Amino acid sequence: MLRTENLKIRRGSKTVLTDITLELKPGEVLGVLGPNGAGKSTLLGALCGELRPDEGRVWLDERELSHCTGAQRAQRLAVLPQVSTLDFGFRVEEVVGMGRLPYQSGRVRDDEIVAAALGAADAGHLSGRSYLALSGGERQRVHLARVLAQLWPGEAGQTLLLDEPTSMLDPLHQHTTLQAVREFADRGAAVLVILHDLNLAARYCDRLLLLEGGRPVALDTPEQVLRPESLKAVFGLEVLVQPHPERGHPLIIAR
Amino acid sequence: MTTLVKPRTLFIGLSLLCLLAIWLSLALGPVSLPLLDTLRAALRLIGVPIAPDGLEQAELILGQIRLPRTLLGLAVGGVLALSGVAMQGLFRNPLADPGLVGVSSGAALGAAIAIVGGSAFGGLPESFGPYLLSLCAFLGGLGVTALVYRLGRRNGQTNVATMLLAGIALTALAGSAVGLFTYLADDATLRTLTFWNLGSLNGASYSRLWPLLLVTAGVALWLPRRAKALNALLLGESEAGHLGIDVEGLKRELVFCTALGVGAAVAAAGMIGFVGLVVPHLVRLLAGPDHRVLLPASVLAGASLLLFADLVARLALAPAELPIGIVTAFIGAPFFLILLLRRRA
């Protein structure tokens, strides 16, 4: 389980993230929202150990994250960055298979997991193709499958951090991707996902963290966070919020 | 595009190619030996009891001249190809090459310093001269690699464009230093320096061979252990880190192996460009980018390519001999341009 207290990160003399206290709970999808430059990716960088906190600490279970290394950490924490650059023509299942690197589970089991993860990311049909021949959205789904394979099948104690996993996807795959993430969490893993689409966040997340200028504005259920006043204050956007006619979660409509 | 050749087929094909290259390299030259005699003499040399009738001369040529030269070609080609794979993995860019980022010229500078410094002190002693030369070439290569690597990094990211440009600048700088030595050198030293700059397998001797064979064997055994980590590194440094790989350690190993390999190759045969670029590319085209196949296959392909290039160097202007660096550059430079244009498309 990943948690942090009073996290603060500076870039030069500028504080880019402060006052973050957060605990990622098993089985929960936590969405992070905020305008460009609010500190979302910085938060993810700190939570995965890439950025060293200037104040506060990040804990993975009972140990400090910076003390966890190697395969043991990789078996519990997987990270999907915003953009992945891969300039070599691996086959799709080879890319996903790299997610199995922290394990010695054997080729048969790895192949099963790769196939399952590809299926979950709705990318099973890409199997056998060269990564370089894929479109941007297809590549994004392949990388999602890779991080899913890294934690497959997903259980309590594991954490998945996703930085805008839907940024290049068509509307259908935005939903299938987040549905896959949702199911992953339902099996017990904790998920933190950075999103820009407020309606996707409302539908698939259990809790939302709203950031502005590196500070947390709200951390609560979607119903509590996605209110017209706070969205106006943070995004400068005039919105109507209504319950979804069929599902009941908040539906955000720009005025 | 999917994988064209199965790894097994590739290894069988490359092994046969390599054996053919060895055979031809042993047989052809100023004194061409009949292929069958070459085979029998070679078998005798490795201890197979065959009647020695009429093979004395062939055995002498093989043992004293052709065999060390062929071994030198195998080792240089193999280790340069491996270094190319390591560089391309390190920079996550299929256009990186030990020659392009300045490793080779750094090694040549190290060798030049050793040669000129040695001649200033009355010549390098025969007993440890080759080792000192290898050491200087290695240190030169390591120094330039480390410098290029440092210059190319900002905020924990390696910027490939910066690094290639830094490599060009340092190559020019090392080249000017070698040029200065060339200008100041006396005739005998000048000849040796020219030899390093253009590369040649001529004058191979067992004493010059040993350091290189050791290094090649070491690098060829070490790098494949990191094949999976190299695959993951191609995803990006942070991605590899999230997959549990000690990225900083891996990068240090790659820089070290490259500097060691290229340094030893330059010390033994001078600057031979483009092998490290062309060979990994050809193997990737045939079998895909998986390092578990790429590394061992590149050793075989690099060794074969260098032997064939050496055959061209030996035979094109026979009885005179071309420096092999000219041959590999003549093949490699257009190949590089084609790759550049294809990537832009």
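Select L2 and L60 of chain A: L2(A) stands opposite L60(A) in strand β4(A). Helices (H or I, at least four residues) and strands (E, at least two) are DSSP runs, numbered from the N terminus. Strand β4 covers residues 55-60 of chain A, and 5 bridges pair this strand with β1(A) in the antiparallel sense; two strands count as paired if DSSP finds at least two bridges between them.

The model is a predicted one, in which local features need pLDDT of at least 70 and side-chain atom pairs count only at pLDDT 80 or more, while totals for chains, interfaces and linings use all residues. Residues are numbered from 1 along each chain as its sequence is written, and chains are lettered from A and ligands numbered from 1 in the order in which they are written.

**The antiparallel sheet of chain A**

Next, select residues 2-11 and 14-23 of chain A, which are strands β1 and β2; the two run antiparallel and are joined by 6 bridges. L7(A) stands opposite I20(A) in β2(A). The two strands form a hairpin with 2 residues between them, and G12(A) in the turn has a positive phi of about 65 degrees.

Most residues other than glycine have a negative phi, and most peptide bonds are trans. D19(A) counts as partly exposed, because 13 other C-beta atoms lie within 10 Å. The cut-offs are as follows: a residue is buried if 20 or more other C-beta atoms lie within 10 Å of its own, exposed if 12 or fewer, and partly exposed in between, with C-beta atoms placed from the backbone.

**The mixed sheet of chain A**

Which strands form the open sheet with mixed pairing? There are 6 strands, in the order β6-β7-β8-β3-β9-β10 (chain A). The edge strands are β6 (77-80) and β10 (215-220) of chain A, each of which pairs on one side only.

Select residues 29-33 and 190-194 of chain A: strands β3 and β8 pair in the parallel sense over 4 bridges. L30(A) has L192(A) in β8(A) as its bridge partner.

**A loop and a cis peptide bond**

Move to R187(A), in the loop between α6 and β8 of chain A. Is R187(A) buried or partly exposed? With 15 C-beta neighbours inside 10 Å, R187(A) counts as partly exposed. Leaving aside residues up to four places away in sequence, R187(A) touches P153(A), G154(A) and E155(A); contact requires C-beta atoms, placed from the backbone, to lie within 7 Å.

Select P153(A) next, in the loop between α5 (136-151) and β7 of chain A. A cis peptide bond joins W152(A) to P153(A), with omega at about 0 degrees.

**Where the chains meet**

Display both chains: 25 residues of chain A are in contact with 21 residues of chain B. On the side of chain A that touches chain B, α2(A) gives the most, with 4 residues.

**Helices of chain B**

Turn to F274(B), in the loop between α11 (247-269) and α12 of chain B. F274(B) has a positive phi of about 75 degrees although it is not a glycine, and F274(B) is buried, with 26 other C-beta atoms within 10 Å.

Continue into α12(B), whose buried residues include V275(B), L277(B) and R284(B). After α12(B) comes G288(B), whose phi is positive, near 85 degrees.

Finally, select α3 (residues 56-90) and α12 (residues 275-287) of chain B, which pack at an angle of about 75 degrees with their axes 7 Å apart. Axes are lines fitted to C-alpha atoms, for helices over the stretch in contact, and angles run from 0 to 180 degrees between N-to-C directions. The angle makes α3(B) roughly perpendicular to α12(B). Angles under 35 degrees count as roughly parallel, over 145 as roughly antiparallel, 65 to 115 as roughly perpendicular and the rest as oblique. Among the residues of α3(B) that meet α12(B) are G77(B), L80(B) and A81(B).

Note on methods
Contact = placed C-beta atoms within 7 Å.
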